[in-house]
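Welcome! Take a moment to look over the sequence and the 3D view, and then we can walk through them together.

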Amino acid sequence: MLPRVTEVRKVPKAVIFLFCGNGIRLAVYPSNLFVRCPRCGGPRALSKAPSPFVCADCGLRYYFNPSVAVAAFIQRSDGRWLFIRRAKEPSKGLLSVAGGFVEIGEKAEAALAREVFEEIGVGVQDLRFLESQPNQYDYLGVTYPVLDLYFLARTIGNPHCAQPEEVAGIEWRLPSEIRLEDLAFQSLRAAWTNHDFTFFTFQAI
Ligand SMILES: [Zn+2]
């Protein structure tokens, strides 16, 4: 019987340095955490690419695609835009817009309506897709790649803090009152910068 050959299999680096506002920190991505096959327990095949995970024993190939999130720039009739003050990490205390993650099997539009209602207690209408932006979401020590889908919308009713553990406050802001450094996410800053919200009206879209 041949002796079992054991070898040290290299896996993609478990940590990556991220440059962020507070300096350099370590980022751990989901693709870095898969060392053993979740189906058979086999080792990860040699590969320099972080995706897909390939099992050396059973051949499982698991692709690490971004999570999908939706968010809405909500406009009021006086030209102000709705921002929420985040009540929790990541980016606790900074401004964001209403939204959240899309669930499996859910349409983006339905996810947005659900998240807006959960966070600020109102329905949405006049939904219009604006643009997508890649993002990263830090949660419990793991950095998740995300694709954010930004919409324009109006609300049905008056928003309020319906989810205080998520939303610390609601603020209607003119574009001139927004500083980029007050916005919670890189993707939000990019989407906000790419359009002139001062002259944005639903009639003009
Ligand atoms: Zn396997």
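## Starting with helix 2

Let's begin with helix 2, which covers residues 108–120. This helix has 13 residues and reaches 18 Å from its first C-alpha to its last, close to the 18 Å expected at 1.5 Å a residue. Please keep in mind that this is a predicted model.

Which residues of helix 2 are buried? They are Leu112, Ala113, Glu115, Val116, Glu119 and Ile120. These buried residues pack against strand 5 (67–75), strand 6 (81–86), strand 8 (99–101), strand 9 (123–139), strand 10 (142–156) and strand 11 (167–173).

## The chain as a whole

Stepping back, the protein chain holds 3 helices and 11 strands.

The chain has 205 residues, and 22% of them are buried. Of the contacts between residues at least 6 apart in sequence, 57% join residues at least 24 apart.

## The largest nonpolar core

Now look for the largest nonpolar core, a set of 31 residues. Ala72, Val97, Ala98, Val116 and Phe151 have the most contacts inside this core. Two or more residues each come from strand 5, strand 6, helix 2, strand 10 and helix 3 (186–193). Strand 5 provides the largest share, with 6 residues.

Val116 brings us back to helix 2, where it is one of the buried residues. Which residues does valine 116 contact, leaving aside its neighbours within four places in sequence? The partners are Ala72, Ala98, Val122 and Val124.

Most residues other than glycine have a negative phi, and most peptide bonds are trans.

The peptide bond from serine 51 to proline 52 is cis, with omega near 0°. Proline 52 sits in the loop between helix 1 (30–33) and strand 3 (53–54). Another cis peptide bond runs from glutamate 89 to proline 90, also with omega near 0°. You can find proline 90 in the loop between strand 6 and strand 7 (95–96).

Serine 91 lies in the loop between strand 6 and strand 7 too, and its phi is positive, near 65°. Is serine 91 buried or partly exposed? Serine 91 is partly exposed, because 16 other C-beta atoms lie within 10 Å. Aspartate 126, in strand 9, likewise has a positive phi, near 55°. Aspartate 126 is partly exposed, with 14 other C-beta atoms within 10 Å.

Definitions and conventions
Residues numbered from 1 in each chain as written. Predicted model: local features only at pLDDT ≥ 70, side-chain atom pairs only at ≥ 80, totals over all residues. Helix = DSSP H or I, 4+ residues; strand = E, 2+ residues; numbered from the N terminus. Buried ≥ 20, exposed ≤ 12 C-beta atoms within 10 Å, placed from the backbone. Contact = placed C-beta atoms within 7 Å. Expected span 1.5 Å × (residues − 1). Core = buried A, V, L, I, M, F, W, Y, C linked by C-beta atoms within 7 Å.
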